Amino acid sequence: MPRAIVSPSVLASDFGQLSAECKRMIKGGAEWLHMDVMDGHFVPNITMGAPILSCVSKSVPGIFMDCHMMVAQPEKWVDDIADAGGSLYCFHLEATSDPLQIIDHIHERKMKAGVAISPDTPSTAVTDEIAEAADMLLVMTVYPGRGGQKFLERCVPKVAELRARFPDKDIEVDGGVGPKTIDVCADAGSNVIVAGTAIFNAPDPEQVISLLKSTVDAAQAKIAQKA
């Protein structure tokens with residue numbers, strides 16, 4: 001299985017000090033920063049776009065921006081996000097009828113490609129062809145559109161289903177994940193962990209990042225022993 005990666009969700013950060021917040025997370029052990037881009041169409045909320053990502057990229061050299069595109073026309077924004085310094089472009093399967101073409105475009109722009117599924121979308125919507133083309137699969141454990149929602153445990157079996165089909169793929173979970181919910185996610189086989197309020201609002205974010213990572217490592221070791 002791929003290695004454990006923690007991607008703090010900046011939706012829970014102080015937007016007035018976004019670059020400083022990203023640096024604080026990297027200093028605390030985060031490898032990726034999860035950037036929630038919302039357009040007010042695919043989801044009702046509006047957050048940030050390429051101009052803000054570009055500023056962060058310039059202010060935080062070497063940052064890996066894990067861009068979660070909650071947008072209605074994901075094909076429209078690939079170039080803008082690449083130009084802004086995006087590292088991974090993750091779009092929603094529900095927002096397109098031609099995911100393979102978008103994945104090709106993302107790769108042409110030298111970004112990793114991610115494919116996300118919302119709580120009501122079954123794991124079978126991710127075909128073998130899509131998963132093999134993508135670098136990462138994202139299983140949403142809340143409805144996309146706003147931070148701080150309650151974790152939906154009914155989404156976890158989808159992680160296990162995808163892990164069984166794609167043992168070497170990065171599988172990300174996003175939504176309501178923190179110290180209280182990490183065990184079920186890790187045991188199901190997720191290795192990329194998005195957490196917002198659980199990290200940013202913690203008195204010691206470094207400790208939370210370390211706990212999330214070590215829980216994934218321990219779960220993977222258990223899975224490897226069974227194999």
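Which residues are linked in a network of salt bridges? Arg3, Glu31 and Lys213 are, and the views below start with them.

This is a predicted model, where local features need pLDDT of at least 70, side-chain atom pairs count only at pLDDT 80 or more, and totals for chains, interfaces and linings use all residues. Residues are numbered from 1 along each chain as its sequence is written, and side-chain values use heavy atoms, with hydrogens and water left out.

**View 1. Arg3 and Glu31 meet in a salt bridge.** The N to O distance here is 2.8 Å; a salt bridge means a side-chain nitrogen of Lys or Arg within 4 Å of a carboxyl oxygen of Asp or Glu. Arg3 sits in the segment before β1 (5-8) and Glu31 in the loop between α1 and β2, so the pair ties together parts 28 residues apart in sequence. (Helices are DSSP runs of H or I, at least four residues, and strands are runs of E, at least two, numbered from the N terminus.) Arg3 has 49% relative accessibility and counts as partly exposed, and Glu31, at 31%, is partly exposed too. For these labels, buried is under 20% relative accessible area, exposed is over 50%, and partly exposed is in between (1.4 Å probe, protein chains only). The structure holds 8 salt bridges.

**View 2. Glu21 and Arg24 pair up within helix α1.** Their closest N and O atoms are 2.8 Å apart in a salt bridge. The two are 3 residues apart, about one turn of the helix. Glu21 is buried at 11% relative accessibility, while Arg24 is partly exposed at 33%.

**View 3. Asp120 and Arg154 form a salt bridge between two loops.** The closest N and O atoms are 3.7 Å apart. Asp120 is in the loop between β5 and α5 (128-133) and Arg154 in the loop between β6 and α6, 34 residues apart. Asp120 is exposed at 57%, and Arg154 is partly exposed at 48%.

**View 4. Trp32 and Phe64 make the structure's 1 aromatic pair.** Ring centres lie 4.4 Å apart with planes at 15 degrees, so the pair is stacked. (Rings of Phe, Tyr and Trp, its six-membered ring, pair if their centres lie within 6.5 Å; planes under 30 degrees apart are stacked, over 60 edge-to-face, the rest tilted.) Trp32 is in the loop between α1 (18-27) and β2 (33-38), and Phe64 in the loop between α2 (50-59) and β3 (65-70), so the pair ties together parts 32 residues apart in sequence. Trp32 is buried, at 6% relative accessibility.

**View 5. Met35 and Leu53 touch the most other members of the largest nonpolar core.** That core has 63 residues, a core being a set of buried Ala, Val, Leu, Ile, Met, Phe, Trp, Tyr and Cys residues joined through side-chain atoms within 4.5 Å. Helix α9 (residues 205-226) gives the largest share, 5 residues. Beyond its neighbours within four places in sequence, Leu53 is in contact (heavy atoms within 4.5 Å) with Met35, Val37, Met48, Met65, Cys67, Ile81 and Ala84. Another core, of 11 residues, lies apart from the largest one and has Phe64 and Leu88 among its members.

**View 6. Helix α6 (residues 156-165) has buried residues along one face.** Val156, Lys158, Val159, Leu162 and Arg163 are buried. Down the axis they fall within an arc of 150 degrees, so they line one face of α6; the arc is that of the directions from the helix axis to the C-beta atoms. Their cover includes β5 (112-117), β6 (136-140), β7 (170-174) and α7 (182-188).
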